[in-house]
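Dear colleague,

Please find below the structure that I am handing over to you.

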Protein chains: 2
Amino acid sequence: MNIGAAARASGVSERMIRHYEKIGLIPPAARRDSGYRDYGDDDVHRLRFIANARDLGFGIGEIGALLALWSDRGRASGEVKALALARAEELGRKAQALAQMRDTLLDLARNCHGDDRPECPILKRLED
Amino acid sequence: MNIGAAARASGVSERMIRHYEKIGLIPPAARRDSGYRDYGDDDVHRLRFIANARDLGFGIGEIGALLALWSDRGRASGEVKALALARAEELGRKAQALAQMRDTLLDLARNCHGDDRPECPILKRLED
DNA sequence: CTTGACCTTGACGCGATGTCAAGGTGCAAG
DNA sequence: CTTGCACCTTGACATCGCGTCAAGGTCAAG
């Protein structure tokens, strides 16, 4: 399977497949005589795993750890759980921070006439 | 005032002050004979404005627009309000996306024994 | 004059991805 | 066989906001 087909099958762009290979997240792909990368079902499976982990907010480093645990038949599920909980906590922190900013902005906007007059509590707040 | 003092007074790092100047977000600073940048109270005021806007989640482009409105005596507060509401909406979207990921992870973790056994619903989910 | 704090520019790093360029490969139709 | 198009290769540059380090100039106090 060429890289384009693997990309379509896995949901990971060609660009990122090459990138993940370069940074060592995935092993170097097999090559045909032409130099084209050649992927099998296992490779696509691994790429889908990565895509799913990314969709859940894991970073590259964590995904590396997850991949190692995934391929370790004797792994302890506790390690995976710990990674997931740590990520969940971090995501919660970020989500709260963003929600806080949003609320502040909505608060400021509520007190702003929003008409043609120049007076604006939003800008006042930014000045402080 | 040297750049270090301006950084301390405004809460914007030296690095970012130079950066904002290079990308044109702020006008080039005055220079002493030595080549040192020289800042006045107005400059610090503007930098604080930028720091506050950043803390509220505005991006560089939006801050540029806010700065223009800020220095426009005849501005319409409606324009500022529109920027704030657009940013608030975007922040809300991101916050929700992160919270969604967090909830999914907590859900998966809840169903994971988290002991020494290898069986793990989290990894199962990542495989799909 | 020396020392140490401060300034200058420039470059490289992160994280994850897009995009563009210049060139080679594979395959099907003419 | 040739032509053309889709696909592949590597590499470089852009994004966004910031850290950090390096090599050198400046300033002020001792």
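The two protein copies meet through the same surface, because 100% of the interface residues of chain B are also interface residues in chain A. This holds for a predicted model, and what follows should be read accordingly. In the contact between the chains, 47 residues of chain B face 47 residues of chain A. On the chain B side, two or more residues each come from helix H3 (41–55), helix H4 (60–70), helix H5 (77–110) and helix H6 (121–127) of chain B. H5(B) provides the largest share of that side, with 21 residues. Sorted by class, the side of chain B that touches chain A holds 26 nonpolar, nine polar and twelve charged residues.

Next, the symmetry. Two copies of a chain are related by a rotation about an axis and a shift along it.

By class, the surface near DNA strand C comprises five nonpolar, nine polar and seven charged residues.

DNA strand D is surrounded by 19 residues, and the closest are A:Asn2, A:Gly4, A:Arg37, B:Ser34 and B:Ile60. At least two residues of the surface near DNA strand D are supplied by each of helix H1 (3–10) and H2 of chain A and H2 of chain B. This surface has five nonpolar, seven polar and seven charged residues.

Finally, one helix pair within chain A. Helix H4 (residues 60–70) and helix H5 (residues 77–110) of chain A pack at an angle of about 160°, and their axes are 10 Å apart. Since angles over 145 degrees count as roughly antiparallel, H4(A) and H5(A) are therefore roughly antiparallel to each other. The crossing of H4(A) past H5(A) is left-handed. H4(A) contributes A:Glu62, A:Ala65, A:Leu66 and A:Leu69 to the contact, and H5(A) contributes A:Glu79, A:Val80, A:Leu83 and A:Arg87. The contact of H4(A) with H5(A) has five nonpolar, three charged and no polar residues.

With kind regards

Methods. Residues are numbered from 1 along each chain as its sequence is written. Chains are lettered from A and ligands numbered from 1 in the order in which they are written. This is a predicted model: local features need pLDDT of at least 70, side-chain atom pairs count only at pLDDT 80 or more; totals for chains, interfaces and linings use all residues. Axes are lines fitted to C-alpha atoms, for helices over the stretch in contact, and angles run from 0 to 180 degrees between N-to-C directions. Helices (H or I, at least four residues) and strands (E, at least two) are DSSP runs, numbered from the N terminus. Angles under 35 degrees count as roughly parallel, over 145 as roughly antiparallel, 65 to 115 as roughly perpendicular and the rest as oblique. A crossing is left-handed if the near helix is turned anticlockwise from the far one by less than a right angle, and right-handed if clockwise. Two residues are in contact if their C-beta atoms, placed from the backbone, lie within 7 Å. Ala, Val, Leu, Ile, Met, Phe, Trp, Tyr, Cys and Pro count as nonpolar, Asp, Glu, Lys and Arg as charged, and the others, Gly among them, as polar. A residue is near a molecule or strand if its C-beta atom, placed from the backbone, lies within 6 Å of it.
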